[in-house]
Structure formats: structure tokens, C-alpha cells
Amino acid sequence: MNHPAQAPQPPRWKEDFPINWEDDAYITRKEFIKFLGLTSIVFLFGTCLTAGRRWLRESFQRRSPPMSIGHVDEIPVGGYKLFRYPGPDDPCILLRPGPEQFVAFSQLCTHLACPVHYQAETGQLVCPCHEAFFKAEDGTVLAGPPRRPLTRFAVVVRDKQLWIQPVSKVDG
Ligand code: FES
């Protein structure tokens, strides 16, 4: 003789420790405000840290002494040369768009510091990380997420020797 199928009984511990799972997953308004507050603090801290690092790097660049980076004949017209200035961790690029024209920039993209590359055929410096384009003549932003131009350095030619220095040292 067959017994009718019985519904499975809940385990006994559930009677002693009843849990309302809907209430358990409920986020209170207080918890939500706490989460928003902590997120805002972390975001603010990150923004201040980034701005502080940028300020330090730029003030270091403004106070750096001139540096020789080679002879003019090392760079063909339309060519470029990579170098480091003012510190060993600061990649830069020198371009020679014309026989007597030299321009130098920090190679760090002003968005999130990926290195930019020179594209001679378009006359642009390109950041591959988020597809940003800068004008090779003056480093201004043509397209992409950066909002500031590339950091530019002054190039001085003395006795056919190329010298890099902060722009402020030429102005002042
Ligand atoms: S790091 Fe260059 S566009 Fe984002």
C-alpha cells in the first residue's frame, strides 16, 4: 500500500532560531547613509592625493636646472627623441617638426599618466590608453578625456647643443 507523498519537514533548528530572510537582506537608511559617507570620504581623499602629487611634480619641474640632451644633428627633421627630465622617472619627448623648430613635452598624458606617442603623419601625440590626441605643436588637447595640455618644456639651442629647461626659466 502506497503512502501519499509528504511535504518535507523543515529542520528542527529553524524552529529554535527563526530567521526572516527578507528582513535580513534589508538595508537600513542609516547603513545606506554610512555607506555614502564613507564612499565620499574615500573619493575626496583620492582626489586630494592626486592633486597633491601633481602639484609636487609641477613645482619640482619649475625649479629644475637646465639639462643638455644632445646635439641638434642627432634628431632628423620630422623625428623625435625620448629623454627623462627633470628626474629619472619623468619620461619626455622632444620633437623636431622643422629644421629650426624643437618642442619638448612630458610624455605623461594629463588624464591618467599613460605615455603618449608621436604620430608624425598626423602631427599629433597620441595616448593609446583612452584614445586621447594632443597637438604636437603646443600640446593642446584635440580629443579624448584629458582636460589639460601636455606639460611643455622650453628648448634652447646653444652651440648646436639642445638644452631643456622649465618654460618659466625662459620667460623670467
Ligand atoms: S591616460 Fe591618456 S587618455 Fe587616459
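Which pattern does the protein chain follow, read along the sequence? The pattern is α-α-α-β-β-β-β-β-β-β-β-β-β-α, with helices (H or I, at least four residues) and strands (E, at least two) taken as DSSP runs, numbered from the N terminus. The radius of gyration, taken over C-alpha atoms, is 30 Å, well over the 16 Å that the globule rule gives for 172 residues, so the protein chain is more spread out than a compact globule. That rule is 2.2 Å times the number of residues to the power 0.38.

The model is predicted: local features need pLDDT of at least 70, side-chain atom pairs count only at pLDDT 80 or more, and totals for chains, interfaces and linings use all residues. Residues are numbered from 1 along each chain as its sequence is written.

Along its principal axes, the C-alpha trace spans about 110 × 40 × 25 Å. The chain is divided into two domains, with bounds from an automatic or database domain assignment:

| Domain | Residues |
|---|---|
| domain 1 | 21–61 |
| domain 2 | 67–171 |

Between the C-alpha centres of domain 1 and domain 2 there are 35 Å.

Of the 172 residues in the protein chain, 18% count as buried, meaning that 20 or more other C-beta atoms, placed from the backbone, lie within 10 Å of a residue's own.

Helix H3 covers residues 29–62, which is 34 residues. From its first C-alpha to its last, H3 reaches 49 Å, close to the 50 Å expected at 1.5 Å a residue; the expected span is 1.5 Å times one less than the number of residues. H3 is hardly covered, with a count of 1 buried residue among its 34.

Definitions and conventions. Buried ≥ 20, exposed ≤ 12 C-beta atoms within 10 Å, placed from the backbone.
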